[in-house]
Amino acid sequence: MNRSRILVAVVLFFALFAVVSCDHTPPHEHEFGPCVINGDGVFRSCACGYTEKVDEPVAISSEPEFFSAVEYGVDVILKADVLVTSGNGADEYFHFAKDIEVDLNGHELSFNVSVQLDKADAPYKVSFVNGKILSNDEGAIGEIVVSDDALLYMKDVDFCSRSLHCGIVVKNSSVEIVDSKVFSFGSYGISSDASGESSSITIRNSTVSTEEEESGDNTAIFFGVQNGYVEIYDSTIVGDRQALVIRCGKEHFIENSTLKATGLHSRSFSRWSSGNEVPNAALVVGNGYDYDPYKSETFVGLHNAKFDAPVDDHYYAIYVY
Ligand SMILES: [Zn+2]
């Protein structure tokens with residue numbers, strides 16, 4: 001063997017050693033699977049074993065990812081429509097109990113179960129922005145119930161409820177609707193819960209409407225607790241029997257808005273009772289029913305408000321008791 005052959009053999013040996021002994025996977029673009037959300041944050045992993053923490057909001061596209069985000073209170077942005085098919089607790093409700101912002105990003109979030117914002121240790125806010133929400137449970141419940149000290153906030157949302165009872169129920173809590181549409185196929189669009197004591201409903205630059213074809217016995221917004229308020233600005237409120245019923249409270253205010261009763265509820269009013277069993281009108285203020293929860297002075301401030309009701313002997317534009 002001459003010297004040059006020995007040199008080539010030595011070089012080949014080290015070259016081979018270098019290839020075999022290197023334990024580094026060649027660099028590649030990581031391909032991440034679905035995000036994993038847990039108590040420590042949000043993480044994503046590549047098949048190579050690399051894992052990194054992900055900043056919020058987290059892009060999600062599936063029901064399990066949405067469950068985790070709600071459980072840990074992680075803000076999300078939807079990459080696709082998400083359908084919630086079951087409850088996330090011991091019952092059939094889908095529960096929220098922590099701050100979360102859901103950027104719908106033009107997509108639709110559908111619930112086939114009723115939704116409940118629970119009573120929690122501290123006040124919290126559930127925000128939905130920029131997309132569609134369908135509450136698809138056609139049962140008597142199948143609504144969004146907002147409980148003690150929770151705030152439900154919607155901005156740029158098209159919300160449709162197929163609940164036969166109510167779209168959004170407010171119980172010692174708050175609802176704020178901004179630049180949105182709320183539509184309910186039930187008896188009420190947004191309603192205070194009769195067992196509550198103080199609730200607030202704020203509507204800005206939005207439409208709230210109800211339509212329930214069989215009887216037309218529906219009301220877009222109903223308020224019947226002692227404390228709290230309804231505030232409506234730059235909005236349109238439409239119900240077949242009444243647009244707005246305010247049975248209690250003195251802090252209500254309506255500005256630059258239209259309230260319309262379509263008149264599809266054809267029965268004449270007979271006597272005051274609970275709920276919307278009150279005169280047929282675009283706006284009803286006060287209470288002619290001897291029942292404790294409704295017994296209080298009632299006051300509604302109006303500024304540049306329009307009222308639209310059928311020219312009919314059993315409909316009023318405004319009825320004040
Ligand atoms: Zn990788």
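Strands here are DSSP runs of E with at least two residues, helices are runs of H or I with at least four residues, and both are numbered from the N terminus. This is a predicted model, in which local features need pLDDT of at least 70 and side-chain atom pairs count only at pLDDT 80 or more, while totals for chains, interfaces and linings use all residues. Residues are numbered from 1 along each chain as its sequence is written.

Asp-149 has a positive phi, near 65 degrees, although the residue is not a glycine. Asp-149 counts as partly exposed because 15 C-beta neighbours lie inside 10 Å. For reference, a residue is buried if 20 or more other C-beta atoms lie within 10 Å of its own, exposed if 12 or fewer, and partly exposed in between, with C-beta atoms placed from the backbone. Asn-205 is found in the loop between β18 (198–204) and β19 (207–210), and with 15 C-beta neighbours inside 10 Å it counts as partly exposed.

Now step back to the whole chain. The protein chain contains two helices and 27 strands. Its C-alpha atoms fill a box of roughly 120 × 35 × 35 Å along the principal axes. The radius of gyration, taken over C-alpha atoms, is 28 Å, whereas a compact globule of 321 residues would have one near 20 Å; the globule rule is 2.2 Å times the number of residues to the power 0.38. Of the 321 residues, 40% are buried.

How are the strands arranged? Nine of them form an open sheet with parallel pairing, in the order β7-β10-β12-β14-β17-β20-β23-β25-β27. At the edges are β7 and β27 (316–320), each pairing on one side only. Neighbouring strands of this sheet are turned by 10 degrees against each other on average, direction ignored; the axes are lines fitted to C-alpha atoms. Two strands count as paired if DSSP finds at least two bridges between them. As an example, β12 and β14 (residues 166–170) run parallel and are joined by three bridges, and Ile-144 has Ile-168 in β14 as its bridge partner.

Next, the interior. In soluble globular proteins, nonpolar side chains tend to be buried together. The largest nonpolar core here has 75 residues, and Val-146 and Ile-221 have the most contacts inside it. β13 gives the most to this core, with five residues. Such a core is a set of buried Ala, Val, Leu, Ile, Met, Phe, Trp, Tyr and Cys residues joined through C-beta atoms within 7 Å. Leaving aside residues up to four places away in sequence, Ile-221 touches Gly-189, Ile-190, Ile-201, Val-208, Val-230, Ile-237 and Leu-244. Contact means that the C-beta atoms of two residues, placed from the backbone, lie within 7 Å.

Finally, have a look at helix α2 (residues 63–72), whose buried residues are Glu-65, Phe-66, Ser-68, Ala-69 and Val-70. Among the elements covering them are β1 (36–38), β4 (58–60) and β8 (100–103). After α2 comes Gly-73, with a positive phi near 65 degrees. Pro-57 lies in the loop between β3 (51–53) and β4, and the peptide bond from Glu-56 to Pro-57 is cis, with omega near -5 degrees.

How values were computed. Axes fitted to C-alpha atoms, helices over the stretch in contact; angles between N-to-C directions.
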